[in-house]
Amino acid sequence: MAPAGAGALLVGGPVPGGLVVLGAAAGTVPDESTQQVVGYPALFVLVALGALVPVIPTGALVSSAAVVAFHHRTLPVGLLLVFAVAAFGAFVGDVALYWLGQRGVRSRRGARRLSALRERVAPERLAAAQRQLTEHGVAVLVLSRLVPAGRIPVMAACLLAGMPLRTFARADALACLAWAATYQLIGILGGSLFAEPWKGVALAVGLTVLLSAGPTAWRRLRRRPS
């Protein structure tokens with residue numbers, strides 16, 4: 001059991017009814033009734049929202065879900081459900097954001113909306129994404145979710161290139177599957193190293209933060225004048 005006030009972010013594993021709970025817990029897996037009330041839909045909604053509004057740490061969320069599913073008694077069903085829900089939520093969020101981007105480009109105020117999207121991307125990263133998209137095609141899109149802060153630049157490059165939604169969706173489906181598998185593996189690693197779920201969650205969250213923020217911090221340090 002975690003120390004008092006640990007406040008670890010937990011996602012319950014599979015229970016009768018096929019539900020998972022997502023919430024803050026003081027080191028214990030939430031009870032079954034709570035799991036049934038919240039369930040996998042919470043994981044889906046938060047991952048989809050995280051794709052639309054990139055302030056939710058969706059990678060850490062999926063890894064935390066995998067940790068607790070790993071400790072649940074219904075393996076491997078729990079892990080498979082976490083993987084499927086996370087991948088589908090990411091896909092829905094990505095496709096919705098791209099569709100909104102396309103509508104913005106085609107509308108009267110499309111230039112303003114496209115500019116707002118481009119402002120979220122460093123010019124050099126957008127230029128690199130456009131160059132890679134030209135050279136390698138949709139393979140760049142498949143890998144974009146595995147590269148820290150790589151999703152938005154590549155999506156903006158796809159919009160500027162006029163990529164059809166159907167083409168984007170096909171490539172993004174593979175990207176979301178690879179993304180969900182990667183962060184689930186991090187969660188399984190954390191779950192396998194500790195008997196208590198909250199410790200595995202802490203390790204998984206730390207690893208995902210390192211993977212997502214580490215490269216950006218390194219680039220900023222390299223740009224600083226000596």
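Aspartate 94 touches Ala51, Arg145, Arg151, Met155, Phe168, Asp172 and Cys176, leaving aside residues up to four places away in sequence. The model is predicted. Aspartate 94 lies in helix α4, which covers residues 77–106. Its relative accessible area is 0%. The cut-off for a buried residue is under 20%, so Aspartate 94 is buried.

One of the residues touched by Aspartate 94 is Ala51. Ala51 belongs to the buried set of helix α2, together with Tyr40, Ala42, Leu43, Val47, Ala48 and Gly50. The length of α2 was checked against its residue count. At 1.5 Å a residue, its 13 residues should span 18 Å. The end C-alpha atoms are 19 Å apart, which agrees.

Helix α2 (residues 40–52) packs against helix α3 (residues 58–71). The angle is about 160 degrees, and the axes are 9 Å apart. Angles over 145 degrees count as roughly antiparallel. The two helices are therefore roughly antiparallel to each other. The crossing of α2 past α3 is left-handed. On the α2 side, the contact is made by Leu43, Leu46, Val47 and Gly50. On the α3 side, Thr58, Leu61, Val62 and Ala65 take part. By class, the residues of this contact comprise 6 nonpolar and 2 polar, with no charged residue.

An α-helix has 3.6 residues a turn, so residues three or four places apart point the same way.

Note on methods: Residues numbered from 1 in each chain as written. Predicted model: local features only at pLDDT ≥ 70, side-chain atom pairs only at ≥ 80, totals over all residues. Heavy atoms only, no water. Axes fitted to C-alpha atoms, helices over the stretch in contact; angles between N-to-C directions. Helix = DSSP H or I, 4+ residues; strand = E, 2+ residues; numbered from the N terminus. Parallel < 35°, antiparallel > 145°, perpendicular 65-115°, else oblique. Left-handed = near helix turned anticlockwise from the far one by under 90°. Contact = heavy atoms within 4.5 Å. Nonpolar A, V, L, I, M, F, W, Y, C, P; charged D, E, K, R; others polar. Expected span 1.5 Å × (residues − 1). Buried < 20%, exposed > 50% of the residue type's maximum accessible area, 1.4 Å probe, protein only.
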